[in-house]
Amino acid sequence: MPDMLVPLYRLPSQGALPEGVTLRPALPFEAHEVLAFVAAHFGQKWVDECTVALAARPARLLIATEGTHLLGFACYDVTFRGFFGPTGVAPEARGKGLGKALLLAALHRLRDDGFAYGIIGGAGPVAFYQETCGATPIPDSDPGAYSGALV
Ligand SMILES: CC(C)(COP(=O)(O)OP(=O)(O)OC[C@H]1O[C@@H](n2cnc3c(N)ncnc32)[C@H](O)[C@@H]1OP(=O)(O)O)[C@@H](O)C(=O)NCCC(=O)NCCS
């Protein structure tokens, strides 16, 4: 899985969210709910990265909610400076634009924090990132920054 480069100076604007959905940084007292969601759907490595993202104020972890229901999350500037990820949407909530909305909201925050480029770390769905934010694969980046990490 390559890393991908995103030019933040020509990011698409953030579109409308599906009816009833809100995006915002997670609050400290929501950490246990968010981490349980990530553990249930995505595994321990992402729980570890989300734990770090949640320690920032405001958290560098955005959540998509509908009422009190958690639908998805996206982290930025966590494992490496300027990197996006991890991110995930609950299986039953996919295909409604939430993944794209979380991605663009996080990238806009990275840009506002002073980065000119963002990096999608270890991009799984390469086509998703190409289409939603104009990301391009970084040559020779697999294995890249994560090389040699403990499993
Ligand atoms: C990747 C993921 C976050 C996308 O979330 P989603 O809410 O289903 O995506 P969206 O509905 O916002 O999709 C936006 C667009 O991307 C497209 N898309 C979504 N997933 C895609 C994929 N895996 N490959 C290519 N295109 C994809 C959609 O068709 C849609 O296109 P459209 O605007 O032309 O209709 C979600 O599938 C997920 O949680 N996957 C498992 C975790 C994961 O792989 N995270 C990324 C690790 S780097």
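Is the crossing of H3 and H4 left-handed or right-handed? The crossing of these two helices is right-handed; the word applies when the near helix is turned clockwise from the far one by less than a right angle, and left-handed applies when the turn is anticlockwise.

Before we go on, a word on the model. It is predicted, so local features need pLDDT of at least 70 and side-chain atom pairs count only at pLDDT 80 or more, while totals for chains, interfaces and linings use all residues. Residues are numbered from 1 along each chain as its sequence is written, and side-chain values use heavy atoms, with hydrogens and water left out.

**Two helices that meet**

Two packed helices are described by the angle between their axes and the distance between the axes. Helix H3 covers residues 98-112 and helix H4 covers residues 126-133; their axes come within 11 Å and cross at roughly 65°. Helices here are DSSP runs of H or I with at least four residues, strands are runs of E with at least two, and both are numbered from the N terminus. The axes are lines fitted to C-alpha atoms over the stretch in contact, with angles from 0 to 180 degrees between N-to-C directions.

On the H3 side, Gly99, Lys100, Leu103, Leu104 and Leu107 make the contact, and on the H4 side Phe128, Tyr129, Thr132 and Cys133 do; contact means heavy atoms within 4.5 Å.

**Around the ligand**

| Residue and polar atom | Ligand atom | Distance |
|---|---|---|
| Thr87, backbone | nitrogen | 3.0 Å |
| Arg94, side chain | oxygen | 3.4 Å |
| Lys100, backbone | oxygen | 2.8 Å |

Taken alone, the ligand exposes 910 Å², and the protein buries 63% of that; the areas come from the Shrake-Rupley method with a 1.4 Å probe.

Most residues other than glycine have a negative phi, and most peptide bonds are trans. Asp77 has a positive phi near 55°, and this residue sits in the loop between strand S4 (69-76) and strand S5 (83-89). The peptide bond from Arg57 to Pro58 is cis, with omega near -5°. Pro58 belongs to the loop between helix H2 (44-55) and strand S3 (61-66).

Methods: Polar contact = N/O pair within 3.5 Å; in protein donor to acceptor, adjacent residues only side chain to side chain.
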